[in-house]
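Visitor: I would like to learn how to read a structure such as this one, feature by feature. Could we go through it together, with the general idea stated before the particular case?

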Amino acid sequence: MAEDAWVDFVAGWCSGAAAVVVCQPVDTVLTRYQAGSALIGAQGSTNNATNIARGLVSQAGIKSFWRGSYAMIGAVPFQNALLMSGYGLGKRLSSEENVIWGAFGGGCTGGVVQSFLMSPVELIKVRQQIKPQLGALEATKIVTQGLLSPLAWKGLGATLLRDGIPHGVWFASYEGAKMYLDKTIGGTPYHDSFTIPLSSGAFAATAAWGVGYPFDLIKTRIQAGGTGGIWETAQVLRSEPGGLYRGFSLKLVRAVPASMIGFFMYEFVKGKMTNQAE
């Protein structure tokens, strides 16, 4: 059991690192788009993703797309390791006929646990992404100095809502899609180590963010400088174009490739480690 947990942890760490490096530019544009009214008057804060990207380049060049990546590269691999560990544990503790429910329970548990890591980290990332003049060390210092104050945990409630049940949906959808593809394309040339995790990862991301995206939007708006709580922020967002799904298509542009890369890397590294141990 301990060896299996270590394999899940290492494979999850690798998958998280790969996803951050590839998808961070889209995340930066998305964060500024979600921030909306909190960025009015700032260059690159329009309602058009293309104009946001152009504004970022004109402000600080191509490197601006990776603003906030230091915090995420440091935390997301560990976050993903926690998630994958919960996923693997849930599957191992469940019976074969209930493996999807095991994946769901493990995903929900891992999602809640990692929220306490990611909420302050994402606050640092959001502050950097909406304030080009704020460096990584300065943003980190502002947040970490107040770890025992409400400032560092701003948006935690929305983060818990975004990362609890939606992560259960993510893993359950992945497991269900993987089982379905195993049955339907088993024995064909498409039944390989690439097609199934990539396809299942894409489906899982779409399903999970369909459930959790409103809370991600609420979290970002609060962390970007909003003064209200979850309910108040939701009411404000509902009155804006796109409502609680403002920027959802852009989120999928980031989340679907990240999920595909993440699950593929997880399955790849886990397979290599398992084979070496045998």
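Guide: Let us begin with a charged pair: the side chains of glutamate 122 and lysine 219 meet in a salt bridge, with 2.9 Å from N to O. Glutamate 122 belongs to helix α4 and lysine 219 to helix α8 (residues 195–223), so this pair ties together parts that are 97 residues apart in sequence. Please keep in mind throughout that the model is predicted.

Visitor: Are glutamate 122 and lysine 219 buried or exposed?

Guide: A residue counts as buried when its relative accessible area is under 20%. Glutamate 122 is buried because its relative accessible area is 6%, and lysine 219, at 0% relative accessibility, counts as buried as well.

Visitor: How many salt bridges does a search of the whole structure find?

Guide: The search of the whole structure finds nine salt bridges. Another of them is formed by the side chains of arginine 162 and aspartate 216, which meet at 2.9 Å, N to O. Arginine 162 lies in helix α6 (residues 156–163) and aspartate 216 in helix α8, so the pair ties together parts that are 54 residues apart in sequence. Both arginine 162 and aspartate 216 are buried.

Visitor: Which lysine does the side chain of aspartate 216 meet in a salt bridge?

Guide: The partner is lysine 251, and the salt bridge between the two side chains spans 3.2 Å, N to O. This pair, too, links distant parts of the chain, with aspartate 216 in helix α8 and lysine 251 in helix α10 (residues 248–277), 35 residues apart. Both aspartate 216 and lysine 251 are buried.

Visitor: Now I would like to turn to packed helices. How are two packed helices described?

Guide: Two packed helices are described by the angle between their axes and by the distance between those axes. In this model, α4 and α8 pack at an angle of about 65°, with their axes 9 Å apart, and α4 passes α8 in a right-handed crossing. On the α4 side the residues are Ser119, Glu122, Leu123, Val126 and Arg127, which meet Lys219, Thr220 and Gln223 in α8.

Visitor: What are the angle and the distance between the axes for α7 and α8?

Guide: For α7 and α8 the packing angle is about 145°, and the axes are 8 Å apart. The crossing of α7 past α8 is right-handed. The residues of the contact of α7 with α8 divide into 15 nonpolar, six polar and two charged.

Visitor: Where does helix α4 bend?

Guide: Helix α4, which covers residues 99–130, bends by about 45° at serine 115. The helix is mostly covered, since 23 of its 32 residues are buried.

Visitor: Which residues does histidine 167 touch?

Guide: Histidine 167, which lies in helix α7 (residues 165–185), touches Leu83, Gly107, Cys108, Gly111 and Gln114, not counting residues up to four places away in sequence. Histidine 167 is buried, with a relative accessible area of 12%.

Visitor: Finally, how many helices and strands are there in the protein?

Guide: There are ten helices and zero strands. Buried residues make up 51% of the 278 residues in the protein. Among contacts with a separation of 6 or more, residues 24 or more positions apart account for 79%.

Key:
Residues are numbered from 1 along each chain as its sequence is written. This is a predicted model: local features need pLDDT of at least 70, side-chain atom pairs count only at pLDDT 80 or more; totals for chains, interfaces and linings use all residues. Side-chain values use heavy atoms; hydrogens and water are left out. The bend at a residue is the angle between axes fitted to the seven residues ending there and the seven starting there. Helices (H or I, at least four residues) and strands (E, at least two) are DSSP runs, numbered from the N terminus. Buried means under 20% relative accessible area, exposed over 50%, partly exposed in between (1.4 Å probe, protein chains only). A salt bridge is a side-chain nitrogen of Lys or Arg within 4 Å of a carboxyl oxygen of Asp or Glu. Axes are lines fitted to C-alpha atoms, for helices over the stretch in contact, and angles run from 0 to 180 degrees between N-to-C directions. A crossing is left-handed if the near helix is turned anticlockwise from the far one by less than a right angle, and right-handed if clockwise. Contact means heavy atoms within 4.5 Å. Ala, Val, Leu, Ile, Met, Phe, Trp, Tyr, Cys and Pro count as nonpolar, Asp, Glu, Lys and Arg as charged, and the others, Gly among them, as polar.
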